[in-house]
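Reader: I would like to learn how to read the features of a protein model, one after another. Could you take me through them, giving the general idea before the particular case?

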Amino acid sequence: VTEQQVFGASLAFHALVPLVDLKVEVNGQSQSKQGLGDIIFGPALGFHHSEKLHSILALDFIAPSGEYDRGDLANIGRNYWVIEPVLAVSYIDPNGLNIDAKTMYDFNLRNKATDYRSGQELHIDYAVGWGLGNGWVLGVGGYVLQQTTDDRQDGDRIKDNKGRALAFGPSVKYTSDKGWFLTAKWEQESEVRNRAQGNAYRVKLTVPF
């Protein structure tokens, strides 16, 4: 987070470096992979509307840094770039209600290995919890995803293949008095269409500089 102010917001830059442990099972076959996933980075503007209400406007870029092989069941990378505008809003009360919502819209570029381009996607990460007054917040969270445009293969549109999913599960967050925080989630997917279905365990450490 810089000292620079833009439209009354703090100019910031961020990066997310995921470490992935993935297992895929399809028709009696399975494969596992572990390693570095696709790195997310970009600029952001942070707004502080009040002591408890905050928002962020960002433009994320998702780089194809994760391992990918078109013949594998499990791939921890997409093998294509994604441009992703982001709006995140948080209401934070250390001794009460906490609400987080992060809305993202994905512009997926072409996978050069398959000449396949996935359609655009709208997805929202959410969490609702209660602050215990000692840095801990206990609650629930998950995400909603809806694909908005058709996939394309070799330039031709693929009809009736739009993906969607809903995920829900418990979440825990700890915020230190030094400004860093740690979140842990378990998410079970449901209402899945035209996507692989499963569950996910996520742990995220956020450290300000």
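Author: The turns below go from the basis of the model to the chain as a whole, then to its sheets, hairpins and loops.

Author: This is a predicted model, in which local features need pLDDT of at least 70 and side-chain atom pairs count only at pLDDT 80 or more, while totals for chains, interfaces and linings use all residues. Residues are numbered from 1 along each chain as its sequence is written, and side-chain values use heavy atoms, with hydrogens and water left out.

Reader: How many helices and strands are there in the protein chain?

Author: Helices (H or I, at least four residues) and strands (E, at least two) are DSSP runs, numbered from the N terminus. By that reading the protein chain has 0 helices and 16 strands.

Reader: What radius of gyration does the protein chain have, and what would a compact globule have?

Author: The radius is taken over C-alpha atoms, and the globule rule is 2.2 Å times the number of residues to the power 0.38. For 209 residues a compact globule would have a radius of gyration near 17 Å, and the 18 Å of the protein chain agrees with this. Along its principal axes, the C-alpha trace spans about 50 × 40 × 30 Å.

Reader: What share of the residues is buried, and what does the accessible surface come to?

Author: A residue is called buried under 20% relative accessible area, exposed over 50%, and partly exposed in between (1.4 Å probe, protein chains only). Buried residues make up 29% of the 209 residues in the protein chain. Accessible areas come from the Shrake-Rupley method with a 1.4 Å probe, and for residues only the protein chains shown count as cover. The accessible surface of the protein chain comes to about 12,900 Å², and 58% of that belongs to carbon and sulfur atoms.

Reader: What share of the contacts joins residues 24 or more positions apart?

Author: Contact means heavy atoms within 4.5 Å. Among the contacts in the protein chain with a separation of 6 or more, residues 24 or more positions apart account for 49%.

Reader: Which residues have a positive phi in the hairpins?

Author: Most residues other than glycine have a negative phi, and most peptide bonds are trans. The hairpin of E10 and E11 has 4 residues between the strands, and Gly133 in the turn has a positive phi of about 85 degrees. In the hairpin of E3 and E4, with 2 residues between the strands, Asn27 takes a positive phi near 50 degrees. Strands E3 (residues 19-26) and E4 (residues 29-36) are antiparallel and joined by 8 bridges.

Reader: Where does Asn79 lie, and which residues is Arg195 in contact with?

Author: Asn79 lies in the loop between strand E6 (53-62) and strand E7 (82-91), is partly exposed at 25% relative accessibility, and has a positive phi near 70 degrees. Arg195 lies in the loop between E15 and E16 and is partly exposed, with a relative accessible area of 36%. Leaving aside its neighbours within four places in sequence, Arg195 is in contact with Glu121, Leu145, Gly163, Arg164 and Ala165.

Terms used: Pairing = 2+ DSSP bridges.
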